[in-house]
Amino acid sequence: HMEDWFRLDAGMGWGWSDDKIITLLAKIKALSPAEVAGLICWANGFWQDCDNQELDKYADDISRLM
């Protein structure tokens, strides 16, 4: 479903190349269950509180999380 999201759904607006999508999906698939849960929690918090000016703050949060 993630691949479809990037290519056909809302992610399509990002205009990512196939190589970039494949690379990201490979990294996500390599995560442990705990890392996936953390990523989901981070993403949920980001989209609930989405503010482009605070994107760097969220990027820092995800790096510490991972």
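1. Confidence in the chain is highest in helix 2, at a mean of 86, and lowest in helix 4 (residues 55–65), at 59. The score is pLDDT, the predictor's confidence in each residue on a scale from 0 to 100. Averaged over the chain, pLDDT is 75, and 68% of the residues score at least 70.

2. This is a predicted model, in which local features need pLDDT of at least 70 and side-chain atom pairs count only at pLDDT 80 or more, while totals for chains, interfaces and linings use all residues. Residues are numbered from 1 along each chain as its sequence is written, and side-chain values use heavy atoms, with hydrogens and water left out.

3. Helices (H or I, at least four residues) and strands (E, at least two) are DSSP runs numbered from the N terminus.

4. Of the 66 residues in the chain, 15% are buried. Buried means under 20% relative accessible area, exposed over 50%, and partly exposed in between (1.4 Å probe, protein chains only).

5. Ile22 lies in helix 2 (residues 18–29) and is partly exposed, because its relative accessible area is 48%. Between Ile22 and Phe6 the C-alpha to C-alpha distance is 9.9 Å, at a separation of 16 residues in sequence.

6. Lys20 sits over the face of Trp16, 4.6 Å from the ring centre. The criterion is NZ of Lys or CZ of Arg within 6 Å of the ring centre and within 35 degrees of the ring normal.
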